[in-house]
Amino acid sequence: MRLLLDTHALLWWLADDGLTDPARDAIADPANLVMVSAASAWEISIKKALGKLQAPDDIERQVDDGGFTPLPISIAHGLDAGQLPRHHEDPFDRMLIAQAIAEGLTIVTHDKRFSQYAVPTLPT
């Protein structure tokens, strides 16, 4: 399975709290590719700076230590995100959706609005 962690799924994984057993098992399975988007790092950084989120300061190291694969944002991803139907207005989530569609990934998320797009999800 090829997974893309929604930002909250990444944070819940790092905190070892909040994930369902199927989501936790899929993330932990070494046979699965687990990706973390640069959009999630960007979202975490912005929300931390605004005082809206407490998260580790070493996200990049933790992503690496967790064996996750970083997913950069390409120009094509940006163009795709801008062309998505307006079901979801959050720019970070729209980027994750665009990346998942483009890269053939299943998004690990709790956000029910993702189901309005042609992208597979794994509930957290």
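User: Before we start, what does contact mean here?
Analyst: Contact means heavy atoms within 4.5 Å. Also, this is a predicted model.

User: OK, helix H3. How many residues does it have, and how far does it reach?
Analyst: H3 covers residues 38-49, which is twelve residues. From first C-alpha to last it reaches 17 Å, close to the 16 Å expected at 1.5 Å a residue.

User: Which residues of H3 are buried?
Analyst: Ala39, Ser40, Glu43 and Ile44 are buried. They sit on the same side of H3, because they cover an arc of only 135° around the axis.

User: And what covers them?
Analyst: The cover includes strands E1 (2-5) and E2 (33-37), along with helices H1 (7-15), H4 (59-65) and H6 (91-103).

User: What caps the N-terminal end of H3?
Analyst: Serine 37 does, with a side-chain oxygen 2.9 Å from the backbone nitrogen of alanine 39.

User: What follows the helix?
Analyst: Glycine 51 follows H3, and its phi is positive, near 75°.

User: Switching to rings. How many aromatic pairs are there?
Analyst: The count comes to two. Tryptophan 13 is in helix H1 and phenylalanine 68 in the loop between H4 and strand E3 (69-71), 55 residues apart.

User: Are those two buried or exposed?
Analyst: Phenylalanine 68 is buried, at 6% relative accessible area. Tryptophan 13 is partly exposed, at 22%.

User: What about tryptophan 42 and phenylalanine 92?
Analyst: They form an edge-to-face pair, 5.1 Å centre to centre and 85° between the planes. Tryptophan 42 lies in H3 and phenylalanine 92 in H6, so the pair ties together parts 50 residues apart in sequence. Phenylalanine 92 is buried, at 11% relative accessible area.

Key:
Residues are numbered from 1 along each chain as its sequence is written. This is a predicted model: local features need pLDDT of at least 70, side-chain atom pairs count only at pLDDT 80 or more; totals for chains, interfaces and linings use all residues. Side-chain values use heavy atoms; hydrogens and water are left out. Helices (H or I, at least four residues) and strands (E, at least two) are DSSP runs, numbered from the N terminus. The expected span of a helix is 1.5 Å times one less than its number of residues. Buried means under 20% relative accessible area, exposed over 50%, partly exposed in between (1.4 Å probe, protein chains only). The arc is that of the directions from the helix axis to the C-beta atoms. A polar contact is a pair of N or O atoms within 3.5 Å; within protein, one must be able to donate a hydrogen and the other to accept it, and residues adjacent in sequence count only if both atoms are side-chain atoms. Rings of Phe, Tyr and Trp (its six-membered ring) pair if their centres lie within 6.5 Å; planes under 30 degrees apart count as stacked, over 60 as edge-to-face and the rest as tilted.
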